[in-house]
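Here are a few exercises to work through with the model open in your viewer. Try each task before you read its solution.

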Amino acid sequence: MRNPKINGLYAITPELENTNNLLDKARQVLEGGAQLLQYRNKSASRILLKEQAGLLLQLCRGFGIPLIINDYLDIAIEIDADGLHVGQQDESLLNVRNQLGCNKIVGASCYNNLDLALQAEKEGADYVAFGAFFPSLTKPNTVPVTLSLIGEGKKKITIPIVGIGGIRLANARTVIQSGCAAIAVCNDLFQSENIKIKAAQYAQLFTETN
């Protein structure tokens, strides 16, 4: 899956202990048109992490959509996930790329730091994520990012840029129009009354904008 297509709605799972509930919500997201799914859970036990990640991978394979694991390189390797997303304090990108090989997706959080993004690209990242664009419930202590950073980044970075942080249907269009290839959404998607319809509405924004 080298040179993957990173675009559209990038869904990030909430932390749910109930695996059936997680799978049901993830299925609705994929049915609605998400192009990537990231499994993110910072509080689960290793047993639950591996169980949920493995079942999500099966689900994603059925839709032909990549499953990206957040942070846990060992879990990604163990279940043969499609890729890994790392933050600044996680595994080094060089180590991740060396251990995963060249056929997996590697993404990196770069916050509001263009230099981090340039370094990530050099070290083998397939995409970089900037954010938070708006106040985020998932990560309340994130640094703010302006839309102008995306335009600046696109002049220097050749890999896709993902926008993240407090993105809702009401503000997503501006982030897409700034030049982000994909937008990462968690709460506004998974807490919706009709997740499939909400995902489809996000997917439609890319059709209208591109």
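**Exercise 1. Find the bridge partner of Y10 in β2.**

Start at Y10 and step across to β2: the bridge partner there is L36. Strands here are DSSP E runs of at least two residues, and helices are H or I runs of at least four, numbered from the N terminus. Next, look at the strands themselves: β1 and β2 (residues 36-39) run parallel and are joined by 3 bridges. Strands pair if DSSP finds at least two bridges between them.

A word on the ground rules: this is a predicted model, where local features need pLDDT of at least 70, side-chain atom pairs count only at pLDDT 80 or more, and totals for chains, interfaces and linings use all residues. Residues are numbered from 1 along each chain as its sequence is written, and side-chain values use heavy atoms, leaving out hydrogens and water.

**Exercise 2. Work out which strands make up the closed barrel.**

Follow the parallel pairing and you get 8 strands, in the order β1-β2-β3-β4-β5-β6-β7-β8.

**Exercise 3. Classify the ring pair of Y10 and Y127.**

Rings of Phe, Tyr and Trp (its six-membered ring) pair if their centres lie within 6.5 Å; planes under 30 degrees apart are stacked, over 60 edge-to-face, the rest tilted. The count comes to 1 aromatic pair. Y10 and Y127 sit 5.7 Å centre to centre with 80 degrees between the planes, hence edge-to-face. Y10 is in β1 (residues 8-12) and Y127 in β6 (residues 127-130), so the pair ties together parts 117 residues apart in sequence.
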